[in-house]
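User: Hello! I am new to this structure and would like to learn how to read its helices and strands. Could you show me?

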Amino acid sequence: MNKRRYRHRTVTPRNEEIIELRVGEPAHGGACVARDVSGRVVFVRHTLPGEKVKARVTAVQKNLAWADAVEILEASADRVPSVWPQAGPGGVGGGELAHVAPAAQRVWKETVLRGQLRRVGGEALSARVEDLGGVTVRPAPGDEADQTLLHRRTRIEVVIDRAGLAGMHTYRGKDVIALDLMPLASEPIERLGLWGANSEWAPFFEPADRVRVVAPDGGSPVVVTPRGTFNSLGEKFTETRLPWHVTVNGEQLEYRVRVGGFWQTHVMGAEVLANAVMGVACLSEGDRVMELYSGAGLFSVPMAKAVGARGHVVTLEGSAGAVEDAGENCAPFDWVEPYVGNVDTEGVRELAAELEGRPDVIVLDPPRAGAGREVTEAIAQCGASKIVLVSCDPAAGARDMRLLTESGYELASLNAWDLFPHTHHVETICLMSRVKD
């Protein structure tokens, strides 16, 4: 029998509905929770906990609604003038916390993390986190005292509208809004002058183009279009990989990553995560390590240096291009073997077999959807004494932590960083220790 999953339809209201709401705590996804006079749950964007607002309903689904706060009747003390007005109500996605003071953004994310650990991870996991000191979301180095948190992104992606202007899609929509500026992008990207009808880049674009702009190390950017890649002067860029420098354990490492490949967006993101992973993995010379969803080798290189020639590192990644990058970045270390393949039960088992023995440590950095039950169970069956889980989604991370605890592991530490200022995204790294053989 062919089975098809039923999905509830979300309907955009035909008539504009404005409702007055007292806003509650933030929910996962960038909105706060409120209830209207009928008791209906409303997820409200562009607001803050405790505020009283008038909100425009944008979508409904049975007894749920989604809305944008369009008038603030009673403002929170944590509200600031939006650093990116075009990401406001009815605007583009990607800046849903642009109206929130930086310190309050981190408090927002702490609240969401705690909620997901309790609702998705379960009461036992939530209690364990509290026993370990609770949830704290840290700023990236250099962000501690900054009151704007602008110009942190080393990579942006834009869409060219029908008039040939660079813009972004409306939040969960298909329309493209031409950007006036992109204040979250690194200063070298912003100085390119991509925006507006008079942009010198207009001849490089065609309507419907998807354009990527990357500034390695936050420096001189390249512009990737369907017709080629160009440097900041508009000249053809022929290099296939970009250099990124990351200081890990006091040593500067150089990586080379494809122009279209994945790398952490925040200018300090790769450094924060690599040092955090190494800090909790506590590798020793001769250790055997499995790494899943290994990308271009951000963690593989410092792990290879830590285990030395007597150790063994095997990695698995689904993107062939990323594995090619990892192969180049790990070339000096004969004891590192990058493999391309699906990260699933079979893939995990085959990778473990390459170690010819039980791994000491397993490191995984899954995509936003997380690893899931089958992969976490396969990981647990490998019997590693330590598992390091990197997660960019609170719900998926809480679920994977719960699944690992159900498979014989205990949470030993949980750390979180705000590497996506002005958005709801947050990165976590947890250490799971084996308690059952």
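Analyst: Gladly! Let us begin with a term: angles under 35 degrees count as roughly parallel, over 145 as roughly antiparallel, 65 to 115 as roughly perpendicular and the rest as oblique. Such angles run from 0 to 180 degrees between N-to-C directions, with axes fitted to C-alpha atoms, for helices over the stretch in contact. This is a predicted model, where local features need pLDDT of at least 70 and side-chain atom pairs count only at pLDDT 80 or more, while totals for chains, interfaces and linings use all residues. Residues are numbered from 1 along each chain as its sequence is written, and side-chain values use heavy atoms, leaving out hydrogens and water.

User: At what angle do helix α1 and helix α9 pack?

Analyst: Helices here are DSSP runs (H or I, at least four residues) and strands are E runs of at least two, numbered from the N terminus. Helix α1 (residues 102-119) packs against helix α9 (residues 394-406) at about 40°, their axes 9 Å apart. The two are therefore oblique to each other.

User: Which residues make the contact?

Analyst: Contact means heavy atoms within 4.5 Å. From α1 come V112, L113, Q116 and L117, and from α9 come P394, A395, A398 and M401.

User: What about α7 and α8?

Analyst: Helix α7 (residues 345-355) packs on α8 at an angle of about 20°, with axes 8 Å apart, which makes α7 roughly parallel to α8. T345, V348 and R349 of α7 meet E374, V375, A378, I379 and Q381 of α8.

User: Which residues of α8 are buried?

Analyst: Buried means under 20% relative accessible area, exposed over 50%, and partly exposed in between (1.4 Å probe, protein chains only). In helix α8 (residues 373-381), the buried residues are V375, T376, A378, I379 and A380. After α8 comes G383, with a positive phi near 80°.

User: How do I read a sheet, and which strands stand at its edges?

Analyst: Strands of a sheet pair through backbone hydrogen bonds, either parallel or antiparallel. Two strands count as paired if DSSP finds at least two bridges between them. Here an open sheet of eight strands runs in the order β6-β20-β21-β19-β18-β15-β16-β17, with mixed pairing. β6 (137-139) and β17 (336-340) are at the edges, each with a single partner strand, so one side of each has no neighbour in the sheet.

User: How many bridges join β19 and β21?

Analyst: Strand β19 (residues 386-391) and strand β21 (residues 427-434) pair in the antiparallel sense over six bridges. V388 stands opposite L431 in β21.
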